[in-house]
Amino acid sequence: MKKTSKVVEYNKWGYIFLIPFTVVYAIFQLIPLISTIYNSFFENFRSGLKQIGPNFIGFANYAKILSDGDLWKYMGNTMIMWIIGFVPQILVSLLLAAWFTDPSLRLKCQQFFKTVIYLPNLIMASAFAMLFFTLFADSGPVNSILIQMGILEKPFSFMSSVTATRCLVGLMNFLMWFGNTTILLMAGMMGIDQSLFEAAEVDGATAGQIFRKVTLPLLRPILVYVMITSLIGGLQMFDVPQILTNGSGDPARSTLTMIMWLNKHLYSKNFGMGGALSVLLFLVTGVLSIAVFKMTGTNTDK
Amino acid sequence: MKKKLLSTLLASTMVAGMLAGCGSSSDSAAPAATQAPAAATEAATEAPAAATEAATEAATEAPAADEGKVLNIQCWNEEFINRLTDHYPGYEANDASDPTKGGKIGDVEVKFTITPSDDNAYQNNLDTILPENANASADDKVDIFLMEADYALKYVNSDVTMNLADLGIDADKDLGDQFQYTKDIVTDATGNLKGASWQACSAGLIYNRAAAKEVLGSDDPADVQEAVKDWDTFNATAAKLKEKGYTITSSVNDTYRVYSNNVSAPWVQDGKVVIDDNIKKWADDSKALLDAGETNNYELWSDDWNKGFYPDGKVFCYFGPAWLINFSMAPDQDGSIAKDGGWGFCVGPQSFYWGGTWIAAAAGTDNPTLVKDVILTMTTDQDVLKEIVEKDYDCVNSKSLLTSLAADDSFGLPVLGGQNPYGELEKGAENVDMSNISDYDQGCNEEFQTAMKGFFDGNYKTYDDAVAAFNKAIVEKYPELTTD
């Protein structure tokens, strides 16, 4: 009897240590989440100086978003731009991480290169987008270089081409995040027991075989983590395309991401539609994350 | 016991850490909290003193002293600040080198608040403070705010703007010399006038004299006008210009205002967005000109658009008002057409206006007498307006003054090679008809041009696709509107 009470008494410190997180989570995550869901059931916006609502309208906001099909188009835009950035990002990161962690290569100045590849991430996304906007403008430096080299005859309007604009967004996301991913994958690779590599070498496996048969399977938990965080980040893509296209999502709304669409509703302070869209986005993010986790994570449970 | 002590210690460090995490706020809050009572008592002791001072002052000063001591003016740039500082009789600037620091009119303090228009910030600011203006403390009450035509109706059609008649300004008697279109823009749904402007930014077609001589054989405004007198003739002239290597305009966006000022009905009718025939005509004409290589698709004010300010840009004409000619077409740059006086001016296919600032009185102002005087002085006083013309080259909002300027050869503009445009500007201002504006013009015009850019670039296959995108954007911006 005395013993159990002592354990209970001791356990309370666990709860006390949890208080900071719980408080911060409740204030900055839980309450906003609940109020977003609550707001999504109301017609509530401003027209100029007039406030309209809040009037309870049930699921009308959701019906409106889901019925006109735009959601899928903007989700498509978001995913296309995410994939354009993510595929090169994961490939380059895997390669760099494998090189950096391979002791037999004896790379010099490792610290320097690790810092350099991480640097783009330190620049503010909006500054980075502004830089690209200037570089790829119709009369910007990239066009003048291409013309002087004789590759182009007249300036190519990058911002008027759907493919070019999407690729620019992808390129920027790739440049900004591949350093971060490399560091994460390196951490994962260095966690693998060196004796496994040595054993594989002794058995006569080539470098490619070691990478595919030893490194990749053991790296799976970290890969899953990288994929999920990148997917969630990708779904919430906003600042780069917003600044690059000046909020318009042009050409022809082909770079309009879901969050940019959400932002457009806030012009009229339309909290109802904004809330409904946020809730849908929350659900989609949740479902996709679970799907990725299930697809790639089954083996790790064993 | 020891364990307990340790855990208490750990827990308390953690809580301390948590507080440190919010450091910046709690640190600064603590001293602020201790200072606050002190400040409050100070204020409390000072306040009665100030009040009695003000009261005694008020008692000895002029009868208008029952009005506020501070005239608050909301604006988005320094234009009006400079006009008021330079031309309002009896205005004393606090700092002659920086007019934005405000000044004094008699014993009333004039304070300017500048909020830039970018990202709708200026309007967002007005939307927040104007409805609360009646409850604001006396020194913070907004007395005057400035508006642009694109969104003026939004404020004019609400209670936040005072009727000029309530200030004692008679629209017919006091403002009879002003152009009708400048009044249409600030007239609410029931016919009340709620603002006034000192500018009549009527605009016209500014053509390159060298190009006119080469292609049309004459650079006389009357002859050039004949070649651009309506849109069909204008487009036919574009083909002629193309043969000599000129584009008729620098960008399709140059002509948008000309078409959109001449619509037959407002953008929004009974809550439904309707694309006027003249707006559609702009899209059709522009697409045709672009496909024929007779113009370009640059953004206004971009570096590419500006190229036509120089002879090598090979642009035949720009559309604009007096301020574009005087300030924007690089008149200070060597080699520019403007510096050599190489531009000419004529009315163009249709009359339009571009720009202008309207002065409005905020409901709840505590300086109605002064506000009335500022509006009347700045927009109707002939001496002040004459000064504005001479110093700032604004095309002023006074029929009689423009008539006398048009007759005065000394007002020929150097950038126009000595041509006096005031006659044409006055004619243009008479013809501008802005009775068809709506609360939603700014959003509709912006979104329509954005959507059509996609059409011109080929990213929307058809005009109808572009219109569908336009409709989407409008409903996002104005959820209460419907579209086709």
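1. Helix pair α18/α19 of chain B. Helices α18 (residues 399–406) and α19 (residues 422–431) of chain B pack at about 150 degrees, their axes 8 Å apart. That angle makes α18(B) roughly antiparallel to α19(B) (over 145 degrees counts as roughly antiparallel). Axes are lines fitted to C-alpha atoms, for helices over the stretch in contact, and angles run from 0 to 180 degrees between N-to-C directions.

2. Basis. This is a predicted model: local features need pLDDT of at least 70, side-chain atom pairs count only at pLDDT 80 or more, and totals for chains, interfaces and linings use all residues. Residues are numbered from 1 along each chain as its sequence is written, with chains lettered from A and ligands numbered from 1 in the order written.

3. Residues at the helix contact. From α18(B), B:Lys399, B:Leu402, B:Thr403, B:Leu405 and B:Ala406 meet B:Tyr422, B:Gly423, B:Leu425 and B:Glu426 of α19(B) (contact: C-beta atoms, placed from the backbone, within 7 Å).

4. Sheet of chain B. Seven strands form an open sheet with mixed pairing, in the order β2-β3-β4-β1-β5-β14-β6 (strands pair if DSSP finds at least two bridges between them). β2 (91–93) and β6 (196–197) of chain B are the edges; each has a single partner strand, so one side of each lacks a neighbour in the sheet.

5. β6(B) pairs with β14 (residues 358–361) of chain B, antiparallel, over two bridges. B:Ala196 stands opposite B:Ile359.

6. Chain contact. 25 residues of chain B touch 25 residues of chain A.

Methods: Helix = DSSP H or I, 4+ residues; strand = E, 2+ residues; numbered from the N terminus. Parallel < 35°, antiparallel > 145°, perpendicular 65-115°, else oblique. Contact = placed C-beta atoms within 7 Å.
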